[in-house]
Amino acid sequence: MFTYPLILLALVAVAIPIAVHLFNFRRYRKVYFSNVDYLQELQQQTRKQSELMRWLVLAARILAIICLVIAFAQPVIPGTGKHLKPGGCAVSIYLDNSFSMNNTNSDGTLLEMGRNKVKEIVAAYDMDDQFQLITNETDGSQFRWLSKDELFEELEKVDISPRTLTISSMGEKMYDFLNRSHAANRHCYIISDFQANTTDLEDWKSDTNIQSTFVVLEGSTLDNLYIDSISLNAPTYYQGNTLEAAVCLRNNGSDPMEQVQIKLIANDKQRAIATVDVPAKGKAVATLKMQVDQTGTLDCRVEITDYPITFDDKFFFSVNVNSRINVAVIGEKNEYLDRLFDDDSTISYTRMAERDINYESLNQKNFIILNEVSTISSGLAQTLLSWVNEGGSLFVVPGTTIDPSYASAMAAWKTPILGEWQKTKMSVTNIDLEDGLFRGVFNGKTEEMEMPTLQGYHLMNAGPNSSRSSIMQLASGGDYLTATPSGNGKIYVTAAPLRIETTDWVRQALFVPVVYNMALYSRQMGSLYHIIGSEGAIQLANSYELPHLIGNGVDILPETRQNSGRCYIVTHNQVAQAGNYTISENKVQEGISFNYSRLESDMASYSEAEIASMIDNQRLTECSVVPNAKKSMEAYIRQQRNDKPLWRWFVVGALACLLAETLLLRRIRKTKTDAKS
């Protein structure tokens, strides 16, 4: 049988040498001699030899053409094993093009080897079969059927991509697409270096209708030092703050790295430097500090120097430095709150009487304190709830007597509900120092810290849907200060008024950082960075209608979504380069940063034997691994189908015929020369 039977039509080309032979007659001119007996005998002998030689040359040419045509038709001898079902083949090929495929071995880069494997796989199938080529981009253009020629065109466009996907997720995408085909035979090929961080065969979903083949490309072993992550000492910053960046470095090499230099750069100026020792197969954390001396966006990065793998030597993050925090107190005047906020240049502080609430201005506030209001109307409760869900922070301070409207409002807010006033002296005995309000407050021992004492307090009753966390607890086991998350914001509730008659907390050193941090952290700066290739929506600090994402030579319009008063964007893989970017619309802008996934940083990969063992352990009966990926995939696939390809023999036959033709033509020329002499 033939793989490409239509090519046999080219056998009509044998008519060319036949036509040349039939019409290439020679006319002979008679020359009279006195004695021609010897010449007649020589002429008859030479003519017979010449005719024989011409017929042999014709035969050699015809056979050469026949062998070449048959070779291109790729004949095979069907075996007695399992054959393809009638109905064609649908073939999906995944070529891993992540950063790790830049690794090399004696045959070149793994990506180039992968391209060759794709060509070999396609060569083992018929011209009318369906093909899909999928890479880490997995965009819509890759989910379509291709011919052989179309696949080769797409293959030339494949280059290294910053996106990283797990093997199981790729298999699921390929299976879903293959199951849309009506072909009787469905084959799936995974060509990758099978990094340990992305090879999750335990999550591979089996499909008995699809045969899956893993092609393992093994590169050289490389040690790598890289920046794994970064965290800051505060969720938001203002001019005059000290920014502390904790940088985590990882070393997956077998040798320790000493005196590794780390630089902190903000707005293209080096602001800090540190050195750290990183143990072999371990990690280390270095802290870099800088003074925040401006408002607006700080485009920051930390960087190290490490070769030969360099894509993970820089880590980008954005700090949106806020100008002022808008704080409002609704209700009774409080001298302790006035002292705390009134003279602070970073705070815009306003007071509103309970009867003169400006509802329109509430949306402009970051932190609102309800200080001993007599009632909480349903309108005020709903307005504050919507505002908190959009990211505001609310601090509820009750009076000694409270209206029943408090219970209705707190039930809607899902906070603890304030109960009866207890005229009992009580002390705070427990503080949750892990809460974010105490970040950076205590740097030493806390055993001798003075605890607040109360002259009275409200019982806090947990509601049916309350999800509060206790920040301060009383000796009785009840709560004194709680925090309840709500949407993008938070609601704090205290059990007693902020007056010296009821608590000495207002005169203690602990009062200032706790309440001030409530205001400070009410304006979150959002995520420090995002990972390229993540599919989720990115929340922005400001609201936009049609923002531009600008940076690193690109200016794109990402998809914009509005949800619960918050603005989100989706990049749809339009960001391909790590770096600092800007979200901008008119005069409103903010910084946003993207980094490459660190899954590619650990170069440890599985071998063919390890993949085969994992397949057996997971009992993936429809999966197999190529035992020697360096050999021809075409030969392997045909061997699996028990087909024996014969095209090589016909190529040899064509060459032999051409060689015979050459020798015959030389013989003819020599005979003519001898005859003339």
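Helices here are DSSP runs of H or I with at least four residues, strands are E runs of at least two, and both are numbered from the N terminus. Everything below comes from a predicted model, in which local features need pLDDT of at least 70 and side-chain atom pairs count only at pLDDT 80 or more, while totals for chains, interfaces and linings use all residues. Residue numbers start from 1 along each chain as its sequence is written, and side-chain values use heavy atoms, with hydrogens and water left out.

**View A. Gln508 in a loop.**
Gln508 sits in the loop that runs between strand 25 (489-494) and helix 10 (511-520). With a relative accessibility of 6%, Gln508 counts as buried (buried is under 20% relative accessible area, exposed is over 50%, and partly exposed is in between, using a 1.4 Å probe and protein chains only). Its side chain makes a polar contact with the side chain of Asp504 at 3.3 Å; a polar contact is a pair of N or O atoms within 3.5 Å, where within protein one atom must be able to donate a hydrogen and the other to accept it, and residues adjacent in sequence count only if both atoms are side-chain atoms. Leaving out residues up to four places away in sequence, Gln508 also touches Glu450, Met451, Pro452 and Thr453 (contact means heavy atoms within 4.5 Å).

**View B. Asn371 in strand 17.**
Look for Asn371 in strand 17, residues 367-371. Asn371 has 0% relative accessibility, so it counts as buried. The side chain of Asn371 reaches over to the backbone oxygen of Glu332, at 2.7 Å. Residues up to four places away in sequence aside, Asn371 is in touch with the run Val329, Ile330, Gly331, Glu332, Lys333 and Asn334, plus Val397.

**View C. Helix 3 against helix 4.**
The axes of helix 3 (residues 110-123) and helix 4 (residues 148-157) come within 11 Å and cross at roughly 175°. Axes are lines fitted to C-alpha atoms, for helices over the stretch in contact, and the angles run from 0 to 180 degrees between N-to-C directions. The two helices are therefore roughly antiparallel to each other (under 35 degrees is roughly parallel, over 145 roughly antiparallel, 65 to 115 roughly perpendicular, and the rest oblique). On the helix 3 side you'll find Arg115, Val118, Lys119, Val122 and Ala123, meeting Lys148, Leu151, Phe152, Leu155 and Glu156 of helix 4. The residues of this contact split into six nonpolar, no polar and four charged, where Ala, Val, Leu, Ile, Met, Phe, Trp, Tyr, Cys and Pro count as nonpolar, Asp, Glu, Lys and Arg as charged, and the others, Gly among them, as polar.

Asp228 pairs up with Arg250 in a salt bridge, with the closest N and O atoms 3.6 Å apart. A salt bridge is a side-chain nitrogen of Lys or Arg within 4 Å of a carboxyl oxygen of Asp or Glu, and by this rule the count comes to 19. Asp228 lies in strand 8 (residues 225-232) and Arg250 in strand 9 (residues 242-251), so the pair ties together parts that are 22 residues apart in sequence. Asp228 is partly exposed at 22% relative accessibility, and Arg250 is partly exposed too, at 29%.

**View E. Further salt bridges.**
Arg271 and Asp293 meet side chain to side chain in a salt bridge of 3.4 Å, N to O. This pair links distant parts of the chain, 22 residues apart: Arg271 is in strand 11 (residues 269-278), and Asp293 is in the loop between strand 12 (282-291) and strand 13 (296-303). Arg271 is partly exposed at 27%, as is Asp293 at 44%. Another pair to pick out is Arg561 with Glu559, at 2.9 Å from N to O; Arg561 is partly exposed with 39%, and Glu559 likewise with 31%. Finally, Arg144, Glu154 and Lys157 are linked in a salt-bridge network.

Leu243 lies in strand 9 and is buried, with a relative accessible area of 0%. Beyond its neighbours within four places in sequence, Leu243 contacts Leu232, Asn233, Tyr237, Leu288, Lys289, Met290, Val292 and Val319. Val321, found in strand 14 (residues 314-321), is buried with 6%. From C-alpha to C-alpha, Val321 and Thr297 are 5.9 Å apart in space and 24 residues apart in sequence. Among the residues that Val321 touches are Tyr237, Tyr238, Gln239 and Val292.
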